[in-house]
Amino acid sequence: MVKKPKLLKVTDRLLTSICKSHLLESILGDLEETYAANLTSVGAFRAGFSYFIQSIGFLKPVFLKKSSHSNTKAMFRNYFIATVRNLQRHKFYALINLIGLSIGMTAGFFILQYAYRQLTYDRFLENRENIYRVQTNRYNNGELTTQWASGCAGVGLHMKEDFPEVVDFVNLRKSFAQISYEENYFSVSHPYYAGNNFFEVFSIPLVQGVDSLVLKEPMTVVLSESLAKKIFGDESPVGKIIQQNDVANFKVTGVFQDLPERSHFKFDLLYSFDSYVAFAGQEVRTSWQWDGFLNYVVLHPDVDPEELAEKFPEWITSREGEELAQYNAGMEFVLQPLSKIHLISNYRGEIKPTGNQTITYFLLIIGMFVLFIAWINYINLTTARAISRAKEVGIRKVMGSYRAQLIGQFMFESFFLNFVAFAVSAILVVMIFPIFNRFVGNSVVYTWPDTPVFWFGLIGLFIVGFILSGFYPAFVLSNFKPITVLKGKFASSTNGNNLRKGLVTFQFLASVILITGTYVVFKQMTHLRSQDLGVNIDQNVIVKTPVYASDSIMAIKDAVFRNKIAANSAVNKFTASSSIPGRNAGWNAGGIRLLSQTEAESNQYRIIGSDDDFVEFYGLEIIEGRNFDRSYGNERNNVLFNEAAIALIGFDELSEAINEKIFFWGDTFNIVGVVKNYRQESPKEAYDPMIFRYFPSTSGFYSLNISQGNLQEAISSIQQDWDQAFGSKTFDFFFLDDYYNEQYESEVKFGSIFGLFSGLAVLVACMGLFSLASFVTSLRSKEVGVRKVLGASVNQLLLLLTRDFIKLIGISILISVPISWWLMKTWLQNFETRIALGVELFLVPALLIIVVAICTVLHRTYKTTMVNPAETLHDE
Amino acid sequence: MKGTNLGELEEIVMLSIAILYDEAYGIAIQQEIKKRCNRSITISTVHSVTSRLEEKGFLNARYDGATPERGGRRKRLFRLTKSGQVALSSIREIRNGMWDAIPKLAFGNG
């Protein structure tokens with residue numbers, strides 16, 4: 001006899017247990033004979049391996065035993081029949097379960113895919129684990145003054161020079177220039193100057209051109225595919241010359257694939273950074289005092305970014321310490337992992353609006369809540385109704401069912417219901433998907449999640465849910481002792497009563513938290529909107545000023561436009577400014593101080609340049625001194641401060657500031673007036689210290705106030721004036737109130753989503769409560785009859801039947817308060833102006849839930865108590 | 001019901017069994033096929049073909065001839081049944097008839 005390894009003996013045992021007995025001897029014999037022959041010819045390992053492979057060949061139906069004591073197919077058929085009959089008999093509960101599960105799954109899907117999108121930005125970029133963005137924080141007199149996404153210019157280059165850990169860097173700088181091709185102007189939404197190795201560091205595919213070459217030379221430009229198509233149509237763009245601001249010629253060297261929506265990048269045009277150096281000088285490569293540059297560094301794969309970041313403070317001191325000390329200023333660099341930028345970063349100079357980590361996680365939790373509430377409904381209803389299945393279980397056991405078989409049966413039922421719900425929700429998802437995404441998506445392009453990870457995860461989640469929600473009821477149901485059940489002694493299901501109570505409490509806990517959340521979000525949004533902005537934003541059309549290469553040309557064209565507009569009856573008021581309300585000032589200047597102060601006392605301010613109509617146009621209030629007035633002449637040396645700036649520069653009284661001289665980048669300015677604080681950005685933000693400078697013709701924005709009435713006509717008359725003044729320069733306009741409100745957009749969306757899903761959660765929870773109440777009440781109908789006969793009043797009976805539920809809801813409200821207090825406090829931290837978390841905010845949702853729950857329960861109990869006792873008692 | 005038609009592999013297996021006469025069991029059949037047709041088939045394939053043929057009533061099986069390299073297990077020896085023999089010879093006749101019906105020119109060897 002040949003000796004075989006242990007593994008092969010296991011194989012033998014397996015074959016023995018599943019193969020037809022009359023074939024078994026020859027199968028094993030033949031396998032072993034082959035093995036013995038192979039042993040001598042090819043060696044033990046390969047013989048063993050081939051033995052194993054060959055025995056797998058015997059796992060075919062021809063060889064398999066017909067199972068003698070159970071017939072799988074018939075069993076499932078029986079399970080199926082039992083399931084369908086049971087569902088038919090209790091249509092009401094089946095429907096509640098089905099609707100609840102379907103809503104839960106649908107809601108879960110939407111929330112999960114939304115959160116998944118938010119959490120998986122920039123996944124198309126290779127090497128993303130090693131790429132970090134350097135975010136710059138600036139301090140003045142020890143206080144954090146500005147947080148830049150696009151920080152100081154030289155940090156990337158110098159990091160690469162000084163730290164061996166930094167392998168490479170790329171810098172980017174936003175461009176504000178207009179472009180034209182053969183006298184046609186094109187509006188470009190996101191033009192940037194990009195370092196020459198941009199396409200090597202970031203794996204954005206080039207349709208035309210070579211990664212390492214396209215941005216190498218000064219005065220070269222790479223276009224996105226869609227922009228290239230817009231400008232050149234079907235012609236090949238490479239080699240063509242486009243003009244920037246009518247004067248600078250850029251050669252197109254390549255075309256890159258349009259960027260996916262899920263990226264913190266958004267470019268349609270990239271100039272080579274060297275072009276910017278040619279315009280602005282070497283300083284833009286090396287300066288530490290010039291902000292507005294995005295710097296990305298590539299770290300060596302073995303480097304721990306935290307360890308590297310620990311070296312920064314010392315490095316900053318050695319590089320820039322003296323300069324900073326002079327102004328009593330400080331700097332700080334933060335490394336932001338590339339793939340998390342979308343979630344964690346929301347600072348000055350982002351490329352496009354970023355997401356919000358807290359909100360994403362909040363939504364994720366809400367989605368899971370709705371899903372869990374639905375599963376809990378299933379568990380509660382199934383276990384509560386166990387009594388109605390008890391006889392069936394008893395009979396099955398008497399007939400010889402094993403416990404495992406019963407568990408299998410009930411698991412099958414749960415699987416069946418989950419599966420139907422899954423199918424229903426799949427249909428719902430397909431139907432609602434476009435609507436939902438129009439609602440939450442901020443772009444036209446919104447497609448199904450494209451990664452298998454998401455779908456497998458989703459299916460995995462549903463399987464886990466099905467097992468969790470199916471296993472416990474199956475366990476309870478199969479646990480009945482046939483003898484007790486069939487004797488008829490089995491009165492009511494006390495089994496798992498506490499668990500059921502716990503689960504109901506959890507459902508309502510989640511519901512109360514969600515409702516409270518919705519209420520707080522709603523209140524906060526109302527609060528924000530009811531804030532006095534201190535600025536008029538209604539009925540204003542904003543047009544971006546054209547860009548000209550020289551200020552003198554701009555001044556002439558600007559004057560022409562002003563004259564035209566003054567004669568235009570559709571326009572009531574007009575002003576030009578470097579920024580508009582709803583938009584950050586853009587110009588952020590440091591080193592500003594009173595002439596009497598030292599450099600160490602200087603600070604950073606936001607600067608807006610405007611003509612003398614700005615204050616009046618936007619209804620700003622001058623609370624001290626005077627406004628700009630062109631008739632004074634020499635206004636260029638005067639500035640206005642806002643209240644916050646007055647406080648920052650160190651005056652206690654507004655009047656002290658008037659006619660004080662300030663030092664601003666080498667020039668001296670005279671403070672002539674103080675503007676009352678107003679909301680330049682949204683009320684979400686604090687009042688920034690702002691300085692207004694006088695520029696009679698600034699580049700930035702024209703604001704035009706138009707009368708109510710025909711908007712279309714007003715716009716076209718303005719455009720006519722525009723065309724006469726500026727020729728074919730792009731007329732790019734928008735309405736200020738829409739623009740201003742865009743700042744709230746994410747909050748409004750969050751509020752709506754929050755409200756929607758909270759509503760669903762409460763609905764599903766109430767459905768569960770409703771059916772649970774009706775079932776429990778129906779069990780007690782005899783008790784109610786007896787009590788009625790003995791003289792109990794309807795009110796007493798109602799109290800008796802409702803009490804238990806109310807107690808549970810009371811408990812969940814009590815638990816919910818600290819949790820929602822903490823959650824809402826966290827959320828409110830996002831806002832500079834926020835509501836206080838008063839008692840009322842918790843009381844209203846709690847009352848709402850109590851009322852809804854009582855109504856739900858009462859509807860059922862009232863019916864039971866009104867029944868004539870003769871009816872419930874007559875069959876005893 | 002499965003037809004009494006023979007597949008090509010079934011035919012080969014039956015022919016091998018006929019050749020081996022009293023020594024036809026799994027491995028012997030496998031080796032015979034290897035030797036004559038230069039075809040490697042797995043042992044489980046042999047087994048599933050013989051099971052199928054048994055079902056069709058073309059084979060008889062008996063256990064005999066244990067050897068030590070088989071772990072003392074007996075061989076399952078096959079023999080053609082009457083109807084098996086009939087099936088084989090009818091295939092042969094059909095084929096022969098068809099061969100004969102081919103016009104000489106068709107093979108182009110004159």
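Modeller: The buried residues of α6(A) pack against β1 (131-140), β3 (151-152), β4 (166-174), β13 (291-299), α12 (312-326) and β14 (329-337) of chain A. Helix α6 itself covers residues 155-162 of chain A, and its buried residues include A:V155, A:G156, A:H158 and A:M159. A residue is buried if 20 or more other C-beta atoms, placed from the backbone, lie within 10 Å of its own, exposed if 12 or fewer do, and partly exposed in between. Residues are in contact if their C-beta atoms, placed from the backbone, lie within 7 Å. Helices (H or I, at least four residues) and strands (E, at least two) are DSSP runs numbered from the N terminus.

The model is predicted: local features need pLDDT of at least 70 and side-chain atom pairs count only at pLDDT 80 or more, while totals for chains, interfaces and linings use all residues. Residues are numbered from 1 along each chain as its sequence is written, with chains lettered from A and ligands numbered from 1 in the order in which they are written. The predictor gives the complex an ipTM of 0.87 and a pTM of 0.66.

A:S703 counts as buried because 23 other C-beta atoms lie within 10 Å. Leaving aside residues up to four places away in sequence, A:S703 touches A:N540, A:I542, A:T575, A:S577, A:I580 and A:F617. The C-alpha atoms of A:S703 and A:K573 are separated by 8.1 Å, although the residues are 130 apart along the chain.

Two packed helices are described by the angle between their axes and the distance between the axes. Axes are lines fitted to C-alpha atoms, for helices over the stretch in contact, and angles run from 0 to 180 degrees between N-to-C directions. In chain A, α2 (residues 21-42) and α3 (residues 44-56) pack at about 155°, their axes 8 Å apart. α2(A) is therefore roughly antiparallel to α3(A). Angles under 35 degrees count as roughly parallel, over 145 as roughly antiparallel, 65 to 115 as roughly perpendicular and the rest as oblique. Their crossing, α2(A) with α3(A), is right-handed; a crossing is right-handed if the near helix is turned clockwise from the far one by less than a right angle, and left-handed if anticlockwise. On the α2(A) side, the residues that meet α3(A) include A:L31, A:Y35 and A:V42, and their partners in α3(A) include A:A47, A:Y51 and A:Q54. The residues of this contact divide into seven nonpolar, five polar and one charged. Here Ala, Val, Leu, Ile, Met, Phe, Trp, Tyr, Cys and Pro count as nonpolar, Asp, Glu, Lys and Arg as charged, and the others, Gly among them, as polar.

Helix α1 (residues 6-18) of chain A also packs on α3(A), at an angle of about 15° with the axes 10 Å apart. That angle makes α1(A) roughly parallel to α3(A). The crossing of α1(A) and α3(A) is left-handed. A:L8, A:T11 and A:L15 in α1(A) meet A:G48, A:Y51, A:F52 and A:S55 in α3(A).

The contact between the chains takes 20 residues from chain A and 19 from chain B. α2(A) gives the most to the side of chain A that touches chain B, with 12 residues.

Technical notes
Two residues are in contact if their C-beta atoms, placed from the backbone, lie within 7 Å.
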